[in-house]
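Please study the structure shown below and then work through the exercises. Each task is followed by a solution in steps.

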Amino acid sequence: MLPVAMVFLIAVWQFSIASSWLQNREDAPAVTESTLGQLVLWLLEQAEDEEPRSLLGQLARARFEETGDLEKLTIQLLSAVCWLHIVLSTGNCFLALAIAYAIWRNWQRLPVAMAILILANGAHLFLYSPAASPWLFQSIIALGWLILVILFLHPTAKNRIVAFLAIVSVLLLGWETIKLAAELLDYRVTRPLPDWQYETRADLTSALDQLAAGEVDIVIADRRLLDDLMPPHPATDRQTEEERNALPRQELRYERVFNRSERYLFFPVEPAVLPRLSIAVRAADAGRWTSTADLRSLKMVTDEGSFADERYLAEPRSLVLLNLRIFNDLNLPHLQSIAQAFLQPARRNGPFLLISILSGAGLFTLSEAALGFAIGAALGFVLGTIFAHSPFLERSLLPFVVASQTVPILAFAPMVVIWLGASAVSVAVIAAYLTFFPVTINTLRGLLSPSPIALELMRSYAASRLETLWKLRIPAALPYIFTALKVSATASVVGAIIGELPSGISAGLGRAILNFSSDYSLVSTPKLWASIVTAAGIGILFFVTVSLVEGRALRQARNVS
């Protein structure tokens, strides 16, 4: 009964989410900042354009011409977004009630219902804005984990599809849960340390006078100010000896080379000494204290209200036990941000959505990868067949085939571009370079896999080497060959993307990834992840295609045999 109660709780929770959407106005942040809300705002901008270039923009323009009122169109579209969220949450509510009934009655269609619920709940992660509707977003994360717990408690709810969706859900929920936990911890786990013990003086001159008189050990101050008052240690070529001798504080030195970081074991201490600060010491002590750790037992002063006082020494010190900044929005954006990037223009107020641009770039890269895959697979099959029938050639050439894979692709790609020119052909050759090796090795192994008894039987039938190859060796080698082809399918996509960079081709995914990675900001990072997701999708599509061909080919091979 526990799974039934938990599913019923999911239904009540989904109903409360739907109720909260009913209370939202069209201009509420939860609506306008959602993924679909941002898409609607872009469509409204396109509707105001006299001649929109995209299909969606033309549809929005046509709708605007029908209504004749932009404000009315805005209300209609945002209301549609709001009601779409209401319908989705309400549907999840009724689906959860159906699952509760199915668990109670041990319904045969329970895995199908669980798969639909996982998909529907996961869709919310890509639609809700964490900043505009944090309660809704956190509720969806909690509901996702609750659904996975139900799957664990009720094994009959699982099949292969549900298990796959559950693994994907764990990855997505883990992504958002880690980000939520890191945000609550302010992206780091720290332990407080004692603050700096120091004194302040009315101005820098008073502090340096006390340092010269031996009353204090060091003075922390702005490096540019110290550079105008005393010689550096060690001396630099930037100043001549006459210029250094002309400085007023000859009895003092400031440390030019100074280890600004401080650590306990391998844990860093924050804040570190800022680059614009340095320490002034007496000339006799120059080079004696060269790291932040050496300063803890010294008597130090600085001028009151200075940058060193307010921005470093007065700041609380802490030992950073765990740095979680890799999970901030700059490095790891929310899933909703990535989905929103797909449904926004590549540049501000652009005429085409990023998903349209990446789809075209992805198809172009896929064509290059497919050509390279075909070339590499054919070359690998031919080499594997030759090696299988000629032990001499195998011993002679196979070491060179293996050695070819030790050459880094980043070193090989520019040479191919120089030899063949900047074109799709050179990119295909680079993709083929990554493709042919696994096909060669697995073809060789597969063709040599038939047992000696089977080979002896073919010889007793007076079968030629070609007939033995076609009727015995190739059918036996098909599982090996297709295993290599599935590996090569994804490798060819990687090779095509890498090959586009030195060739200067701007129509593929390689250029898109390079453009978005060059401007690493809160705006471009989701677009970079969108490009990565597109590349991964192409690789998965290619892999699935080869797998489907494998299943058909192996069935035909079994039927023939």
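Predicted model: local features only at pLDDT ≥ 70, side-chain atom pairs only at ≥ 80, totals over all residues.

**Exercise 1.** Determine how helix H3 and helix H4 are oriented to each other, and state which residues make the contact.

*Solution.* Step 1: Helix H3 comprises residues 35-47 and helix H4 residues 55-67; their axes come within 8 Å and cross at roughly 70 degrees. Step 2: Angles from 65 to 115 degrees count as roughly perpendicular. H3 and H4 are therefore roughly perpendicular to each other. Step 3: The handedness of this crossing of H3 and H4 is right-handed. Step 4: H3 contributes Trp-42, Leu-43, Gln-46 and Ala-47 to the contact, while H4 contributes Leu-56, Gly-57, Ala-60, Arg-61 and Phe-64.

**Exercise 2.** Carry out the analysis for helix H14 and helix H15.

*Solution.* Step 1: The axes of H14 (residues 354-389) and H15 (residues 391-404) come within 6 Å, and the crossing angle is roughly 140 degrees. Step 2: Roughly antiparallel would require an angle over 145 degrees, and roughly perpendicular one of 65 to 115. H14 is therefore oblique to H15. Step 3: On the H14 side, the contact is made by Ile-386, Phe-387 and His-389; on the H15 side, by Pro-391, Leu-393, Glu-394, Leu-397, Leu-398 and Val-401. Step 4: The contact of H14 with H15 divides into 7 nonpolar residues, 1 polar and 1 charged.

**Exercise 3.** Tyr-187 has a positive phi, and Leu-265 has a positive phi. Decide for each residue: is Tyr-187 buried or exposed, and is Leu-265 buried or exposed?

*Solution.* Step 1: Tyr-187 is not a glycine, yet its phi is about 65 degrees. Tyr-187 lies in the loop between helix H8 (160-184) and strand S1 (188-192). Step 2: Buried means under 20% relative accessible area. The value for Tyr-187 is 17%, so Tyr-187 is buried. Step 3: Leu-265, likewise not a glycine, has a phi of about 55 degrees. Leu-265 is found in the loop between strand S6 (263-264) and S7. Step 4: Exposed means over 50%. With a relative accessible area of 76%, Leu-265 is therefore exposed.

How values were computed
Residues numbered from 1 in each chain as written. Heavy atoms only, no water. Axes fitted to C-alpha atoms, helices over the stretch in contact; angles between N-to-C directions. Helix = DSSP H or I, 4+ residues; strand = E, 2+ residues; numbered from the N terminus. Parallel < 35°, antiparallel > 145°, perpendicular 65-115°, else oblique. Left-handed = near helix turned anticlockwise from the far one by under 90°. Contact = heavy atoms within 4.5 Å. Buried < 20%, exposed > 50% of the residue type's maximum accessible area, 1.4 Å probe, protein only. Nonpolar A, V, L, I, M, F, W, Y, C, P; charged D, E, K, R; others polar.
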